[in-house]
Amino acid sequence: MRRHLISAADLTREDALLILDTADELARVSERSIKKLPTLRGRTVVNLFFEDSTRTRISFEAAAKRLSADVINFSAKGSSVSKGESLKDTALTLEAMGADAVVIRHSASGAPHRLSNWVRGSVVNAGDGTHEHPTQALLDAFTMRRRLGSLEGRCVTIVGDILHSRVARSNVLLLSTLGAKVTLVAPPTLLPVAVDSWPCEVSYDFDEVLPKTDVVMMLRVQRERMNAAYFPTEREYSRRYGLDRERLARMPQDAIVMHPGPMIRGMEIAAEVADSARSTIVEQVANGVTVRMAVLYLLLGGSEPAIGKETE
Ligand code: CP
């Protein structure tokens, strides 16, 4: 594996399978009464969050702590960023405190790449603008593999605001590497201009794709990144692109429903679908900790085996 994880495109099929297999091993730790390993004792992980997050920030912190790393949490709100301090100076300040890995979320696409030129430690992209969110794609693939087995030849449909979604881009890249067939479904206004060059199909008709899919991944409409109207009304959007009970009933019996969160119940997904037995939304959050443990372990090259004795 490379030293940094910035894009899902950085991962070969072997890299991706190594992370998923390591996460499978580490999942056993989460089932223990003491969920802690000594593997990254003495290492320091800095969580550098310039954009809001619930799941990613908490799960990276939990992952690092379960591996016994020291964790420094940095949030731009309340920091010297408000006084004009740059990303570079913020990063160098944190590195001076001994960071072995920096986990970064930033509103600017490309910020993790820039950071990787300035720090000696590993950089992990925890979501950059509308670009990528590789660990989300890894936890999604891990969740699919646990529910469905191998992803080779599986049909995955990603529905919603593809234009602003770093989750969609990372999933398309990773899932195609793992042999799945991805179809994007969205109104034409919510598709990126260059989507033709992505390794996936595109459809505007959710109902036509539904009966052939193994996985439906619903995405939130990212209003915070919009400065214009991309569809007539929320009601019209939900009617054409929302997943409700009727559409769920038309999916194959063993097909699953995913959502990276945060979700807007009643808009892209009905509450009863989000809470149904076929929804993996809560599982995805739990799997996020395990997969991020695997990523940190593999990047920081713990001197001890990933699974060893429990800490006393
Ligand atoms: N899926 C995801 O990235 O969620 P958060 O924004 O809460 O981290």
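Reader: To begin, is Arg 247 buried or exposed?

Author: Arg 247 is buried, with a relative accessible area of 6%. Buried means under 20% relative accessible area, exposed means over 50%, and partly exposed lies in between, with a 1.4 Å probe and protein chains only.

Reader: What should I know about the source of these values?

Author: This is a predicted model, in which local features need pLDDT of at least 70, side-chain atom pairs count only at pLDDT 80 or more, and totals for chains, interfaces and linings use all residues. Residues are numbered from 1 along each chain as its sequence is written, and side-chain values use heavy atoms, with hydrogens and water left out.

Reader: Which side chain meets that of Arg 247 in a salt bridge?

Author: The side chain of Asp 207 does, at 2.8 Å from N to O. Asp 207 lies in helix α7 (residues 206–209) and Arg 247 in helix α9 (residues 245–249), so the pair links distant parts of the chain, 40 residues apart. Asp 207 is partly exposed at 31% relative accessibility. A salt bridge here is a side-chain nitrogen of Lys or Arg within 4 Å of a carboxyl oxygen of Asp or Glu. Helices (H or I, at least four residues) and strands (E, at least two) are DSSP runs, numbered from the N terminus.

Reader: How many salt bridges does the structure hold?

Author: The structure holds 20 salt bridges. One of them joins the side chains of Arg 146 and Asp 24, at 3.2 Å from N to O. Arg 146 belongs to helix α5 (residues 134–148) and Asp 24 to helix α1 (residues 13–30), so this pair ties together parts that are 122 residues apart in sequence.

Reader: And how accessible are Arg 146 and Asp 24?

Author: Arg 146 is partly exposed, at a relative accessible area of 45%. Asp 24 also counts as partly exposed, at 27%.

Reader: What does Arg 220 pair with?

Author: Arg 220 forms a salt bridge with Glu 224, and their closest N and O atoms are 2.8 Å apart. Arg 220 is buried, with a relative accessible area of 18%, while Glu 224 is exposed at 52%.

Reader: Changing topic, how much space lies in the largest pocket?

Author: The largest pocket holds about 440 Å³ of space. Its lining has 21 residues, and the closest to the centre are Arg 105, Arg 166, Arg 220, Gly 261 and Pro 262. On a 1 Å grid over the protein atoms alone, a cavity is a set of points where a 1.4 Å probe fits but cannot get out; a pocket is an open set with protein on both sides within 12 Å along at least five of seven lines, and lining residues have an atom within 4 Å of a point. Grid points are joined across faces, edges and corners, and a volume is the space filled by probe spheres set on the points.

Reader: How does its lining divide by class?

Author: The lining of the largest pocket has four nonpolar, nine polar and eight charged residues. Ala, Val, Leu, Ile, Met, Phe, Trp, Tyr, Cys and Pro count as nonpolar, Asp, Glu, Lys and Arg as charged, and the others, Gly among them, as polar.

Reader: What about the second largest pocket?

Author: That pocket has about 200 Å³ of space. The largest share of its lining, six residues, comes from α11. By class, its lining has eight nonpolar, eight polar and two charged residues.

Reader: Finally, which way do the side chains of β8 point?

Author: In strand β8 (residues 215–218), Val 215 and Met 217 point one way and Val 216 and Met 218 the other, and all are buried.

Reader: Which strands pair with β8?

Author: Strand β5 (residues 155–159) pairs with β8 in the parallel sense over four bridges, and Val 159 has Met 218 as its bridge partner. Strand β9 (residues 256–258) and β8 are also parallel, over three bridges, with Val 216 opposite Val 257. Two strands pair if DSSP finds at least two bridges between them.
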